[in-house]
Amino acid sequence: MAEAKVEATGTPVRRGLTRLAAPSDDKIYTWPHLVRAEFLCTLLVIAFMLVWSLLVDAPLEEPAAPTRTPNPSKAPWYFLGLQEILVYFDPWHAGVVAPSFIIVGLMVLPFIDINPKGNGYYTYSERKYEIQTFFLGFHVLWISLIIVGTFLRGPGWNWFWPWEPWDTHKVVAMTGIDLPYQLGIRSYWAQAAFGLVATAAYFAIGTVAMYMWVVKKKGVEFMERWGMARFGLTSFLFLNMLAIVIKMALRLGFNTKYIMATPWINI
Amino acid sequence: MSKWEEFKQQVIETQVWRSMFRHGYEDTPRNRILAVSGNVWLHLHPSKVRKHGIRLKFTWCMGGITFLMFLITIVTGVYLMFYYRPVAEYAYADMKYLEFDMPFGMLMRNMHRWAAHAMVIAVWLHMFRVFMTGSYKPPREFNWVVGCVLLVLTLLLSFTGYLLPWDQLSIWAVTVGSNMARATPLIGHEGPFREFVGVNDVYDARALLFGGGEIGPHTLLRFYILHCVFIPIVTTIFLVVHFWRIRRDGLSGPPA
């Protein structure tokens, strides 16, 4: 630091640009190094945007007609992951609760992740579970569902491969059956009660299982340091994310529609 | 002294030059710091940064590109605002007018739209990079939260702008997107537990967004104002906080 101070009084430095950094730290001056990099990046990106805009025109279809609904009606592409989970969940979850959980989950990330390692550099081995969870959420779910929604969904939100023509009259079996019914429960109230118990049990058992898994992997000492609030939040959000995968598997594998069906809310 | 240096010296010593630039720029550490801290635009940077922190393979430059996209949409957006009227009778005609009659109209519209899409992609890649380098860890937790707010604002900016061309693509994409709001628990007229609140199709969360029970001229005006005035202002405020926190905490990097 002392050397830097002497330099800072204004002695001209005649050597090359990079030598201006004091030898004791890895800092360089924003002017010109960072500003130059930003300037070059700006020029390149603006050039790229200009070429893109000259070559490809933004779409403009026929004037808005509120009485003529196109089939399929798709949300903007960045929301198609959410529109895709509408297949598996009711709108209150796919359109409101799930996105809220995604945003809240992202926001609490720095507070539930207490691993001090991997701060400021790339590493997989030091933060295996964080990265795996992020990959499940961001790459496996968010990105791939957007790709499915954008390229593989056609009229009636039915699945069409890119080489298949969009047949508006494609016949698809609507065989979605609620899970309690599939398991042989016929009474209406027993079905609702089963659904409620199953949903509650999923979160209860999931939380306990996760607790035991963390203790086994990381030890009791870690769990104490992590704290119940952080663990509870993490497991709740993680189980919600996993629930999307489970519900997709149940639908695609067994045609299950709802796990819990009541007059007020369906899950 | 070379010919070029001699010539430069002569120019600098003229009265005209001296009247504009009173001091020379001597390349000293002090001047390098002053160049940043004394400049209203540059001073959001720290005056010194860690060397690895500006490497492309570390930052991917995605935060900066996101901000650049924001600036491009502002510049092109102002141009579009000169010719576009957010009135159902005129909006679509103005789009055609803009595309076929206005000098650079099509280019400005294309750039506005592609920059908006690119901004969404860049902000995701930026978050992905920040996650991968663990840069949200202490002391930068709060800046990650600010970044999450900016993510939502970016999506809202893009979504509200989607309606403005007032064509089939925009009206139905926004209808599909906004229909989710009517399924909001308690406050949406098709959401769970609605009967305990007493909302209906003209008085619920979606009606607040639409300015009525259906998507229509009132929605266009509402989205226009959100898109051009309200959300950009809020975004700017959060951007200032975001940049300021980077300046205070420095660029992230491995422990020294």
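**The interface between chain A and chain B**

In this predicted model, chain B is divided into two parts, domain 1 (1-48) and domain 2 (50-249). The C-alpha centres of domain 1 of chain B and domain 2 of chain B are 40 Å apart.

The size of an interface is often expressed as the accessible area that is lost when the parts come together. Between chain A and chain B, the buried area amounts to about 7800 Å², and carbon and sulfur atoms account for 72% of this area. The contact involves 84 residues from chain A and 90 residues from chain B.

Two salt bridges are found across the interface of chain A and chain B. A salt bridge joins the side chains of A:Asp113 and B:Lys137, with an N to O distance of 3.5 Å.

On the side of chain A that touches chain B, two or more residues each are given by helix 1 (2-8), strand 1 (27-29), helix 2 (30-55), helix 4 (91-112) and helix 5 (128-151) of chain A. Helix 2 of chain A contributes the most to this side, with 16 residues. By residue class, the side of chain A that touches chain B comprises 54 nonpolar, 16 polar and 14 charged residues.

Strand 1 of chain A pairs with strand 1 (residues 48-50) of chain B in the antiparallel sense, over three bridges. Within this pairing, A:Tyr29 has B:Lys48, in strand 1 of chain B, as its bridge partner.

Conventions:
Residues are numbered from 1 along each chain as its sequence is written. Chains are lettered from A and ligands numbered from 1 in the order in which they are written. This is a predicted model: local features need pLDDT of at least 70, side-chain atom pairs count only at pLDDT 80 or more; totals for chains, interfaces and linings use all residues. Side-chain values use heavy atoms; hydrogens and water are left out. Domain bounds come from an automatic or database domain assignment. Contact means heavy atoms within 4.5 Å. Buried area is the accessible area (1.4 Å probe) that two parts lose on being put together, summed over both. A salt bridge is a side-chain nitrogen of Lys or Arg within 4 Å of a carboxyl oxygen of Asp or Glu. Helices (H or I, at least four residues) and strands (E, at least two) are DSSP runs, numbered from the N terminus. Ala, Val, Leu, Ile, Met, Phe, Trp, Tyr, Cys and Pro count as nonpolar, Asp, Glu, Lys and Arg as charged, and the others, Gly among them, as polar. Two strands pair if DSSP finds at least two bridges between them.
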